[in-house]
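The sequence and structure come first.

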Amino acid sequence: MTVKDFVSLNPAHNRPVISASRNNMIKIPAESLDGFLAAMEEHEKSSRSFVTWRPYTLKEGETIDRVAKRAGISANKLLSINGLSSKRRIIAGTRLLVPHNDGATDEHIAQFNAPTVVEIVDRPARYHRVQRRETLGSIGKRWG
């Protein structure tokens with residue numbers, strides 16, 4: 001089945017990683033069950049890992065360059081895979097997908113949504129004293 005079909009049946013699994021730490025179930029069409037079970041059995045016989053990508057949370061003081069180097073890919077490729085721009089200042093707590101073992105390619109992840117990113121905002125805080133008859137909407141519109 002296509003990635004699009006899989007995600008339409010399993011909207012919570014819109015990333016190439018399904019957490020093993022939770023009781024995750026997937027839905028596949030009934031007519032695909034025999035093929036799926038055969039492929040699982042064949043994969044197990046080959047002794048290859050099921051995991052080619054894994055989630056990773058950026059730690060305090062860690063950089064994208066360092067994570068990419070450890071993963072064996074370029075920083076630009078890691079950013080691209082995660083739908084990020086080199087212009088963003090990413091901070092600790094950001095969840096990324098990184099390669100685990102060899103064998104993962106861009107095709108496996110190209111159609112998935114990017115991760116949630118925590119970044120530093122370089123805009124200083126603005127303060128506003130609420131005036132009579134102002135609403136949150138009018139204040140928001142005024143300050144953009």
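A residue is called buried under 20% relative accessible area, exposed over 50% and partly exposed in between (1.4 Å probe, protein chains only). The model is predicted, so local features need pLDDT of at least 70 and side-chain atom pairs count only at pLDDT 80 or more, while totals for chains, interfaces and linings use all residues. Residues are numbered from 1 along each chain as its sequence is written, and side-chain values use heavy atoms, with hydrogens and water left out.

**Salt bridges**

Side chains of opposite charge can pair when their charged atoms come close. With a salt bridge defined as a side-chain nitrogen of Lys or Arg within 4 Å of a carboxyl oxygen of Asp or Glu, the structure holds two.

| Salt bridge | N to O distance |
|---|---|
| K45 and E41 | 3.6 Å |
| R70 and E62 | 2.6 Å |

In the pair R70 and E62, R70 is exposed at 52% relative accessible area, whereas E62 is buried at 13%. K45 is exposed at 58%, and E41 is partly exposed at 47%. K45 and E41 both belong to helix α2, four residues apart, or about one turn of the helix.

Helices (H or I, at least four residues) and strands (E, at least two) are DSSP runs, numbered from the N terminus. Helix α2 covers residues 33-45. The expected span of a helix is 1.5 Å times one less than its number of residues; for the 13 residues of α2 that gives 18 Å, in agreement with the 18 Å between its end C-alpha atoms. After α2 comes S47, with a positive phi near 60 degrees.

L33, in α2, is partly exposed at 39%. Together with I26, F36 and L37, L33 forms a nonpolar surface patch with about 320 Å² of accessible area. Such a patch joins nonpolar side chains (Val, Leu, Ile, Met, Phe, Trp, Tyr) within 5 Å, from residues with over 30% relative accessible area and no salt bridge; areas come from the Shrake-Rupley method with a 1.4 Å probe, and for residues only the protein chains shown count as cover.

**Interior**

A nonpolar core is a set of buried Ala, Val, Leu, Ile, Met, Phe, Trp, Tyr and Cys residues joined through side-chain atoms within 4.5 Å. The largest has twelve residues, among them Y56, I64, L78, L96 and V98. Two or more residues of this core come from each of α3 (64-71), α4 and β2.

N82 sits in the loop between α4 (75-81) and β2 (95-99) and is buried at 0% relative accessibility. Polar contacts are pairs of N or O atoms within 3.5 Å; within protein, one must be able to donate a hydrogen and the other to accept it, and residues adjacent in sequence count only if both atoms are side-chain atoms. The N82 side chain contacts the backbone oxygen of L78 at 3.0 Å, and a polar atom of that side chain lies 2.8 Å from the backbone nitrogen of L97.

Key. Patch = residues over 30% accessible without salt bridge, like charges linked within 9 Å, V, L, I, M, F, W, Y side chains within 5 Å.
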